[in-house]
Amino acid sequence: QVQLVESGGGLVQAGDSLRLSCAASGGTFSLYTMGWFRQIPGKEREFVGTIRWDGGNTDYSDSVKGQFTITRDNAESTVYLQMRSLKPADSAVYYCAAQRFLDYLNTARFVSSGYSSWGQGAQVTVSS
């Protein structure tokens with residue numbers, strides 16, 4: 001089971017950019033499909049985006065498409081979430097998730113139940 005640690009969260013102003021990192025350890029990172037989710041209190045965890053094991057494909061929720069970009073560096077066992085033009089509605093705890101051998105055609109990559117490893121979360125707060 002891979003262990004995940006997010007970093008890079010914080011308080012920013014509307015319109016700013018922020019990049020979250022998620023460092024993995026304890027597994028062969030290139031075997032994992034990676035996902036990003038976010039959650040605000042009282043609501044279910046929301047899918048943000050996902051990236052294939054080799055970085056060759058990414059998918060995003062409609063709410064962040066064109067605004068957020070996911071990349072990965074398999075040599076560094078790290079996945080990134082670049083967020084631009086942030087809005088107060090983007091404020092949430094952001095989680096990275098990993099699932100080994102999750103076929104990229106499997107729609108389970110869009111839901112939290114499709115992932116078995118999770119980071120501790122990184123708070124992102126966007127002020128207006």
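Rings of Phe, Tyr and Trp (its six-membered ring) count as a pair if their centres lie within 6.5 Å, with planes under 30 degrees apart called stacked, over 60 edge-to-face and the rest tilted. By that definition, this structure holds 7 aromatic pairs. The model is predicted, so local features need pLDDT of at least 70 and side-chain atom pairs count only at pLDDT 80 or more, while totals for chains, interfaces and linings use all residues. Residues are numbered from 1 along each chain as its sequence is written, and side-chain values use heavy atoms, leaving out hydrogens and water.

**The chain as a whole**

- The chain has 0 helices and 11 strands; helices (H or I, at least four residues) and strands (E, at least two) are DSSP runs, numbered from the N terminus.
- Read from the N terminus on, the elements run β-β-β-β-β-β-β-β-β-β-β.
- The radius of gyration is 13 Å, close to the 14 Å that the globule rule gives for 128 residues, so the chain is as compact as a globular protein of that length. This radius is taken over C-alpha atoms, and the globule rule is 2.2 Å times the number of residues to the power 0.38.
- Along the principal axes, the C-alpha atoms fill a box of roughly 40 × 25 × 25 Å.
- Buried residues make up 44% of the 128 residues. Buried means under 20% relative accessible area, exposed means over 50%, and partly exposed is in between (1.4 Å probe, protein chains only).
- Of the contacts in the chain with a separation of 6 or more, 59% are between residues 24 or more positions apart; contact means heavy atoms within 4.5 Å.

**The nonpolar cores**

- A nonpolar core is a set of buried Ala, Val, Leu, Ile, Met, Phe, Trp, Tyr and Cys residues joined through side-chain atoms within 4.5 Å.
- The largest such core has 28 residues, and those with the most contacts inside it are Leu20, Met34, Trp36, Leu81, Met83 and Tyr94.
- Two or more residues of this core come from each of β3 (18-25), β4 (32-39), β5 (46-51), β7 (68-73), β8 (78-83), β9 (92-100) and β11 (122-127).
- Which residues does Leu20 contact, leaving aside its neighbours within four places in sequence? Among them are Trp36, Leu81, Met83, Tyr94 and Val124.
- A second, separate core of 5 residues includes Phe37, Phe47, Leu102 and Tyr115.

**The disulfide**

- A search of the whole structure finds 1 disulfide, meaning a pair of cysteine sulfur atoms within 2.5 Å.
- This disulfide joins Cys22 to Cys96, with an S to S distance of 1.9 Å.
- Cys22 lies in strand β3 and Cys96 in strand β9, so the pair ties together parts that are 74 residues apart in sequence.
- The torsion about the S-S bond of Cys22 and Cys96 is about 55 degrees, so the disulfide is right-handed.
- Both Cys22 and Cys96 are buried.

**The aromatic cluster**

- Phe37, Phe47, Tyr95, Phe110, Tyr115 and Trp118 form one aromatic cluster.
- Phe37 and Tyr115 have ring centres 5.5 Å apart and planes at 75 degrees, so the pair is edge-to-face.
- Since Phe37 lies in strand β4 and Tyr115 in the loop between β9 and β10 (117-118), this pair ties together parts that are 78 residues apart in sequence.
- Phe37 is buried at 0% relative accessible area, and Tyr115 also counts as buried at 5%.
- Tyr115 and Trp118 have ring centres 6.3 Å apart and planes at 70 degrees, so this pair is edge-to-face.
- Trp118 is partly exposed, with a relative accessible area of 26%.

- Where is Arg45? Arg45 lies in the loop between β4 and β5, and is partly exposed at 29% relative accessible area.
- Arg45 lies over the face of Tyr95, 3.7 Å from the ring centre. A charge sits over a ring if NZ of Lys or CZ of Arg is within 6 Å of the ring centre and within 35 degrees of the ring normal.
- The charged end of Arg45 also sits over the ring of Trp118, 4.7 Å from its centre.

**Two residues with positive phi**

- Ser77, in the loop between β7 and β8, has a positive phi of about 50 degrees although it is not a glycine. Ser77 is buried, with a relative accessible area of 18%.
- Phe101, in the loop between β9 and β10, has a positive phi of about 55 degrees and is not a glycine either. Phe101 is exposed, with a relative accessible area of 60%.
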